Amino acid sequence: MEPILTEEMINSAVNALKNERFLKGKSVNEFENYFSEFTGVNHAIAVNSGTTALHLSLIAMGIKSGDYVITTSATFIATANAIAYLHAKPVFVDISIDTYNIDPQGIEDAVRKHGDKVKAIVPVHLYGYPCEIDAILEIAEKCGLKVLEDACQAHGAMYRGQKVGSFGDAGAFSFYPSKNMTVAGDGGMITTNNEEIAEIVRSLRDVGRSKAHQYLHEYIGYTARMNTVNAAIGKIQVKYLEEWNEARRRIAKEYNRKLDGMGDIILPPKCSSKIKPVYHLYVIRTQYRDSLKEFLESRGVECGIHYPIPVHLQPPYRKIGYHEGMFPNTEKWAKEVLSLPMHPNLSNTDIEYIVTCIEDFFRVVK
């Protein structure tokens, strides 16, 4: 389904085009204020993509060439690329096969193995399901490590009643058009309660420019600002985000009810009193993944695989020594996951049709 774009959002964009500067317009500040309030942090800094949000956050946290940064291979490649851009080394650890998120025990083992070389952890709240952030923060505090939450798929997800992206030293969000909210193009946001990180990121996104003088540049910065027209759409989208997230939770609950016990399907990790996901994606697992996908698509049901190749098996990471067999849970995950349609406007009729198709498939394969 297409991203939601209402007349209110279009009018906001047109108004920004007619009445604001294309860059650094007031809509950018307004969007940042709305998003910081939504996430519950002191600072939100808009940038041109989620990848940039990860990259600039790591720079601001002091990560440099030769440092080791622990993360997961069960993610989109941008998570690891942001580390590699700095000539730091992504140190992958395995996931929990129950949540598909990084396993805290794996983090402890990696810290024990690599010692002082490790400087930071980048946990990913995959598919909008929060990581075990308490355990991760405890390890980080004990070992003196920074934490950058990759919340690019988790706008509004909650852990112990607190929004993700507000726990670590910084959080990174993406507004790519398929996300729970968008800016009608690429866009990203960095969230933090750390004043120093916020100030460095604000400078880095604007060619390293100093607050004191327009042509004094404190850092080798980047041209990574968010366009005003994108922010004008984002500031309206964020008003509806909680309503859309609630619709996703309702749809996930309906899927769960209808798919429970069907074939060999393993349902997504569920809500609990501690964890409230936002179902950026609704992802099942089955050993018949590829044939089920083909069957559903033949019936007009669009599916996805997120992600078929773990990051450690992508060519650039094979070149630095990663290979098959290193992370069994991650490799199993990549072979079995299938994303079913998920969108706030998915109707009960749509869900019924999708589930009936899946039921038909498993009637045949039995």
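A cavity is a set of points, on a 1 Å grid over the protein atoms alone, where a 1.4 Å probe fits but cannot get out. Grid points are joined across faces, edges and corners, and a volume is the space filled by probe spheres set on the points. The model is predicted: local features need pLDDT of at least 70 and side-chain atom pairs count only at pLDDT 80 or more, while totals for chains, interfaces and linings use all residues. Residues are numbered from 1 along each chain as its sequence is written, and side-chain values use heavy atoms, with hydrogens and water left out.

**Cavity**

- One cavity of 30 Å³ or more is counted, and the largest cavity has a volume of about 60 Å³.
- Leu-126, Tyr-127, Gly-128, Tyr-129, Pro-268, Pro-269, Pro-277, Tyr-279 and Leu-281 line the largest cavity (lining residues have an atom within 4 Å of a point).
- This lining comprises eight nonpolar residues, one polar residue and no charged residues; Ala, Val, Leu, Ile, Met, Phe, Trp, Tyr, Cys and Pro count as nonpolar, Asp, Glu, Lys and Arg as charged, and the others, Gly among them, as polar.

**Pockets**

- A pocket is an open set of points with protein on both sides within 12 Å along at least five of seven lines.
- The largest pocket holds about 1100 Å³ of space.
- Its lining has 48 residues, and Ser-178, Lys-179, His-280, Leu-281 and His-306 are the closest to the pocket centre.
- Helix H3 (50-60), helix H4 (78-84), helix H8 (228-259), strand S12 (337-340) and helix H12 (348-365) each give two or more residues to the lining of the largest pocket; helices (H or I, at least four residues) and strands (E, at least two) are DSSP runs, numbered from the N terminus.
- By class, the lining of the largest pocket has 23 nonpolar, 18 polar and seven charged residues.
- The second largest pocket holds about 490 Å³, and Lys-24, Arg-202, Ser-203, Arg-205 and Asp-206 lie nearest its centre among 19 lining residues.
- Helix H2 (26-39) and helix H7 (195-204) each supply at least two residues of the lining of the second largest pocket, with the largest share, four residues, coming from H7.
- Nine charged, five polar and five nonpolar residues make up the lining of the second largest pocket.

**Helix packing**

- Helix H5 (residues 104-114) packs on helix H6 (residues 133-143) at an angle of about 15°, with the axes 9 Å apart; axes are lines fitted to C-alpha atoms, for helices over the stretch in contact, and angles run from 0 to 180 degrees between N-to-C directions.
- This angle makes H5 roughly parallel to H6 (angles under 35 degrees).
- Pro-104, Ile-107, Glu-108 and Val-111 of H5 meet Ala-135, Ile-136, Ile-139, Lys-142 and Cys-143 of H6 (contact means heavy atoms within 4.5 Å).
- The contact of H5 with H6 has seven nonpolar, two charged and no polar residues.
- Helix H1 (residues 7-19) and H8 pack at about 155°, with their axes 7 Å apart, and are therefore roughly antiparallel (angles over 145 degrees).
- The contact of H1 with H8 has ten nonpolar, three polar and three charged residues.

**Backbone features**

- His-306 and Tyr-307 are joined by a cis peptide bond with omega of about 15°.
- Tyr-307 lies in the loop between helix H9 (289-298) and helix H10 (315-318).
- His-87 is not a glycine, yet has a positive phi of about 60°; His-87 is in the loop between H4 and strand S3 (89-93).

Technical notes:
Angles under 35 degrees count as roughly parallel, over 145 as roughly antiparallel, 65 to 115 as roughly perpendicular and the rest as oblique.
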